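User: I am new to this structure and would like to learn how to read it. Could we go through it feature by feature?

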Amino acid sequence: MLNTVILNGVMPHFEGNYKEGDGNSKSFLSWAVSVKREYKKEDEQYYPDDLINFKAFGPRADFIKKYFNQGDGIILKGRLQRDDDYTTEDGETKKGQLFVLVESVNFVGGANKDSNDTTKNSKPATGGPGSAPKKPGKPSAIRGAAPKRPW
């Protein structure tokens with residue numbers, strides 16, 4: 001069976017839990033992404049949002065922490081998983097939480113709104129850890145186009 005989740009959303013207003021890796025462990029990030037529903041009730045003015053939890057490890061965690069802030073659009077691709085069941089101090093057994101384990105990350109949208117912030121403008125257009133750099137040459141819009149023939 002195929003277990004693939006693709007989320008297109010916005011980073012919410014709160015910070016996630018981030019632990020930087022060291023020589024013995026990978027970086028870890030646990031956060032949520034706000035995803036708008038495609039429908040709304042007739043009496044509602046706005047489309048409701050769902051906060052969907054995700055976890056990222058290693059270079060992906062570092063990449064999200066470094067390049068994404070509140071209100072930034074993000075596309076996450078990963079797989080749906082559930083934490084292990086656990087027992088509380090009172091002896092009550094609880095089900096583990098569902099989350100998306102991130103396998104790839106991409107930016108959404110065009111230019112940044114705040115042109116005075118030079119750190120935001122240094123973001124790559126797409127990709128993330130492990131993505132191949134673009135080859136120099138013609139712009140991608142015309143790359144591979146056949147030359148016009150005079151006949």
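User: In which sense do β5 and β8 pair, and over how many bridges?

Analyst: This is a predicted model. In it, β5 and β8 are antiparallel partners, with 9 bridges between them.

User: Which way do β4 and β8 run?

Analyst: β4 and β8 run parallel and are joined by 2 bridges. For K55, the bridge partner in β8 is L101.

User: In what order do the elements follow one another from the N terminus?

Analyst: The order is β-β-β-β-α-β-β-β-β, which comes to 1 helix and 8 strands.

User: Which residues of helix α1 are buried?

Analyst: Start with the general idea. An α-helix has 3.6 residues a turn, so residues three or four places apart point the same way. In α1, which covers residues 58–67, the buried residues are G58, A61, F63, I64 and Y67.

User: What do the buried residues of α1 pack against?

Analyst: They pack against strands: β2 (17–19), β3 (28–36), β4 (49–57), β5 (73–82) and β8 (98–107).

User: How many residues does the largest nonpolar core have, and which have the most contacts inside it?

Analyst: The largest nonpolar core has 20 residues, and F54, I64, F68, L76 and V105 have the most contacts inside it. At least two residues of this core come from each of β1 (5–10), β3, β4, α1, β5 and β8.

User: Which residues is L76 in contact with, leaving aside neighbours within four places in sequence?

Analyst: L76 is in contact with V5, I6, L7, V33, F54, I64, V102, S104 and V105. For the protein, consider contacts between residues at least 6 apart in sequence: 55% of them join residues at least 24 apart.

User: What share of the residues counts as buried, and how much area does the protein expose?

Analyst: Of 151 residues, 25% count as buried.

Conventions:
Residues numbered from 1 in each chain as written. Predicted model: local features only at pLDDT ≥ 70, side-chain atom pairs only at ≥ 80, totals over all residues. Heavy atoms only, no water. Buried < 20%, exposed > 50% of the residue type's maximum accessible area, 1.4 Å probe, protein only. Helix = DSSP H or I, 4+ residues; strand = E, 2+ residues; numbered from the N terminus. Contact = heavy atoms within 4.5 Å. Core = buried A, V, L, I, M, F, W, Y, C linked by side-chain atoms within 4.5 Å. Pairing = 2+ DSSP bridges.
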